[in-house]
Amino acid sequence: MASARQAVPPFLLLAAHPLRWRLLTELSDGDLRVRELVARVGEPQNLVSYHLRLLRDGGLVATTRSSHDGRDSYYHLDLDVAAQLLTSAGAALHPALHMVSTPPQFASSVRPTVLFVCTGNSARSAIAEALLRLRAGDGIEVFSAGTRPKSVLHPNTVRVLRAEFDIDLSARRPRHLDTLTDRRFDAVITLCDKAREVCPDFAEDPRWIHWSILDPAASIGSDEDSYALFLATAAEIDTRIRYLMPTLSSLGPTKRSA
């Protein structure tokens, strides 16, 4: 008996268009503005905006308003949603077709070096540094700094990392970016739209990645009121780090020998 006809999974219909696939590919590395996507794919802005709207309607792409220029927006690919839709599409063809994730491998001799940057180094970049160190162990050398660092970590940074990840940063102090400008990095990741605009160049042309993440410390109210925002921020950063690690595993020795 012939198999019953099945509709093509919506994800395949959405992602299979050549331009939409290009946009997804560009966004898989980090958050970008429309004009940056236009430059990368070489298509008119109205066409790029149209296909971005379709990707947003399909739940693959989200936007955040730039904290540097409130008239601008960053587009972000939700890799968790993409992974779920890919898995569902494979299972629709055959139940044995499912994604199996394998931990990334890091060379023991040469570790990739990563720098996270935000403005105050009291919340976002400090959280990212701690979580990447937790997830990668000794496989990555990781730092964080601020363009205008605060005097101390935000209390909720310390609190959320201790409560959710068993990480103690009570003795940690924010670091100024100027103290690291002479170091060499394989990847520089900005988590703040304002910091992205003023972050200096580094030697040996590191890989630049931007994550447009709102500052949980900028919320109005008590520290207790803002704790939920810190929880959400830490969860988002942790998710992004899980998808970042396979990218980092390809950097160290390969990039340095190029």
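Predicted model: local features only at pLDDT ≥ 70, side-chain atom pairs only at ≥ 80, totals over all residues.
## Other salt bridges

The count of salt bridges comes to 19. One of them joins the side chains of Arg35 and Asp72 at 2.6 Å, N to O; Arg35 is in helix α3 (residues 34-41), whereas Asp72 is in the loop between β1 (61-65) and β2 (73-77), 37 residues apart. Arg35 is partly exposed at 48% relative accessibility, while Asp72, at 14%, counts as buried.

Asp215 forms a salt bridge with Arg124, with the closest N and O atoms 3.9 Å apart. Asp215 lies in the loop between β6 (207-210) and α9 and Arg124 in helix α6 (residues 124-136), so the pair ties together parts that are 91 residues apart in sequence. Arg124 is buried at 5% relative accessibility, and Asp215 is partly exposed at 31%. Arg33, Glu36, Arg196 and Glu197 are linked in a network of salt bridges.

## Packing of helices α7 and α9

Helix α9 (residues 223-248) also packs with helix α7 (residues 155-165), at an angle of about 60 degrees and with the axes 9 Å apart. The two helices are therefore oblique to each other, and α7 passes α9 in a right-handed crossing.

## A nonpolar surface patch

Val8, Leu12 and Leu13 make a nonpolar surface patch of about 270 Å². Leu12 lies in helix α1 (residues 10-15) and is partly exposed, at 37% relative accessibility.

Definitions and conventions
Residues numbered from 1 in each chain as written. Heavy atoms only, no water. Patch = residues over 30% accessible without salt bridge, like charges linked within 9 Å, V, L, I, M, F, W, Y side chains within 5 Å. Areas by Shrake-Rupley, 256 points an atom, 1.4 Å probe, with all protein chains shown as cover. Salt bridge = Lys/Arg side-chain N within 4 Å of Asp/Glu carboxyl O. Helix = DSSP H or I, 4+ residues; strand = E, 2+ residues; numbered from the N terminus. Buried < 20%, exposed > 50% of the residue type's maximum accessible area, 1.4 Å probe, protein only. Axes fitted to C-alpha atoms, helices over the stretch in contact; angles between N-to-C directions. Parallel < 35°, antiparallel > 145°, perpendicular 65-115°, else oblique. Left-handed = near helix turned anticlockwise from the far one by under 90°.
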